[in-house]
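Biologist: I'm new to this one. Can you walk me through it?

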Amino acid sequence: MMNRRRLIQAMSALPFGASLPGLGHAQAIAGLPALKAGYAQRLKKILAAGELPYIDMESSCNSTKVDIDFVAKNMDRLNIGLMALSADIGHGEFKKGVRYDNLSEKLLASYPDRFIPIGNGGQPPALTEAPDEFLDAQEAAIAKQQIMCLGEFEFRHYPSPRQAKRGAGNDRDVRVPIDGPAGHRVFGLSEKTGAAFQLHYEIEDELLVPLEKMLAQYPKAKVIWCHLAQIRYIERTSRYTPAYVDGLIKRFPNLYFDTAFGDSASVYPLSNQRHARIWASDGGLVSEWRDLLAAHPRRFLSALDLGGDRMDRMVSYDQKHRYFLKCLPADIQHQVAYRNAWSLLFNEEFA
Ligand SMILES: [Zn+2]
């Protein structure tokens, strides 16, 4: 095992010593080689024990409430390899002027072999009330090599199921035009720095054209469109099908999808529809979605989508995600679980 103290010492020698492959220019990321070595060692240890590790590329939390030790312990217990756990900036923090939450730094200080340094959730109020200040702060964090990826940015977000149930619905009924100033800034930032960003973008016919326009305009932006096949109102979309996603994947080489979605019984309360469309009625995957994953095994990423209000549900989220992974052809499971995230983060194959 790598000596943890040595790893932390290497980490604290900011700025990180090697160039981040995705940056494309001579920017250094602090401690990247040490981080990467720690990540690889952890993944290999889980593999050697005969288990499948995965990299949760999209979860978020409230940094003032998260119990870091609890998360880390559960990661061990559940054989979760790594997590990109981002901090959302809540209303209280926002009012105090917070535009960048340094949760990643704290996570790495305690558990440098588990957490991928990531920026903050782009959601209300940060992205809606102070988009420029918020994005300035995220950009500065990339420039200071504090984070490797960005998000999750909510450009179109319906109230989450739990908010809907609480009646707090309108709080997160978000519409930020993807082809507006904030969208151009986020796509441009990703293109310029090579840092991938997570996009939350509900599926509606009228939203697809502006997204395609942005993907075409910023072909080097690395976009992780979260929640594959999560359609909350089927009547609002006729175009989004496995064939449509296949077309997007072929046109846009830097477009990825994460696989954080509900189980087959999960119902979106505001439409009363089973929104995880990837599931067939027999509990397996719809064959066309399964075929799509098999045809493009490098474009899909493991993700749990844990959130500030559901960190206590890691065990059930893990079980559901592992059930999904088991539904995939065997040779693809490792690809989706951790290999794709690895190449996205490091521009090289996991070896
Ligand atoms: Zn999301």
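Modeller: H11 and H12 are roughly parallel to each other. Bear in mind that this is a predicted model.

Biologist: Why do H11 and H12 count as roughly parallel?

Modeller: Their axes cross at roughly 15°. Angles under 35 degrees count as roughly parallel, so H11 and H12 fall in that class. The axes come within 9 Å. H11 covers residues 242-251, and H12 covers residues 287-295.

Biologist: Which hand does the crossing of H11 and H12 have, left or right?

Modeller: Right-handed.

Biologist: And which residues of H11 and H12 meet?

Modeller: From H11, Pro242, Val245 and Asp246. From H12, Glu288, Trp289, Asp291, Leu292 and Ala295. By class, that contact of H11 with H12 has 5 nonpolar and 3 charged residues, with no polar ones.

Biologist: Next pair. How do H7 and H9 lie relative to each other?

Modeller: H7 and H9 are roughly parallel as well. H7 is residues 131-143 and H9 is residues 181-193. Their axes cross at roughly 5° and come within 11 Å.

Biologist: What meets what between H7 and H9?

Modeller: H7 brings Pro131, Leu135, Glu139 and Ile142. H9 brings Ala182, Arg185, Val186, Leu189 and Thr193. The classes in this contact of H7 with H9 are 6 nonpolar, 1 polar and 2 charged.

Biologist: Switching to H5. Which residues are buried there?

Modeller: H5 spans residues 103-110. Leu103, Ser104, Leu107 and Leu108 are buried in H5.

Biologist: Where do these residues sit around the axis of H5?

Modeller: They cover an arc of only 130° around the axis, so they are on the same side of H5.

Biologist: What about Ala164, where is that found?

Modeller: Ala164 is in helix H8, residues 161-166. Its C-alpha atom is separated from that of Leu270 by 6.8 Å. Along the chain, Ala164 and Leu270 are 106 residues apart.

Biologist: How many other C-beta atoms lie within 10 Å of Ala164?

Modeller: There are 17, so Ala164 is partly exposed. Buried would need 20 or more.

Biologist: Now the backbone. Which peptide bonds are cis?

Modeller: One joins Pro124 and Pro125, with omega about 0°. Pro125 is in the loop between H5 and helix H6 (126-129). Another cis bond joins Gly151 and Glu152, with omega about 5°. Glu152 is in strand S5, residues 150-157.

Biologist: Why point those out?

Modeller: Because most peptide bonds are trans.

Biologist: What is the phi of Asn79?

Modeller: Near 60°, a positive value in a residue other than glycine. Asn79 is in the loop between helix H3 (68-78) and strand S4 (80-88).

Biologist: Last one. Are Asn79 and Asn272 exposed or partly exposed?

Modeller: Asn79 counts as partly exposed, with 18 C-beta neighbours inside 10 Å. Asn272 is exposed, with 8 other C-beta atoms within 10 Å.

Key
Residues are numbered from 1 along each chain as its sequence is written. This is a predicted model: local features need pLDDT of at least 70, side-chain atom pairs count only at pLDDT 80 or more; totals for chains, interfaces and linings use all residues. Axes are lines fitted to C-alpha atoms, for helices over the stretch in contact, and angles run from 0 to 180 degrees between N-to-C directions. Helices (H or I, at least four residues) and strands (E, at least two) are DSSP runs, numbered from the N terminus. Angles under 35 degrees count as roughly parallel, over 145 as roughly antiparallel, 65 to 115 as roughly perpendicular and the rest as oblique. A crossing is left-handed if the near helix is turned anticlockwise from the far one by less than a right angle, and right-handed if clockwise. Two residues are in contact if their C-beta atoms, placed from the backbone, lie within 7 Å. Ala, Val, Leu, Ile, Met, Phe, Trp, Tyr, Cys and Pro count as nonpolar, Asp, Glu, Lys and Arg as charged, and the others, Gly among them, as polar. A residue is buried if 20 or more other C-beta atoms lie within 10 Å of its own, exposed if 12 or fewer, and partly exposed in between; C-beta atoms are placed from the backbone. The arc is that of the directions from the helix axis to the C-beta atoms.
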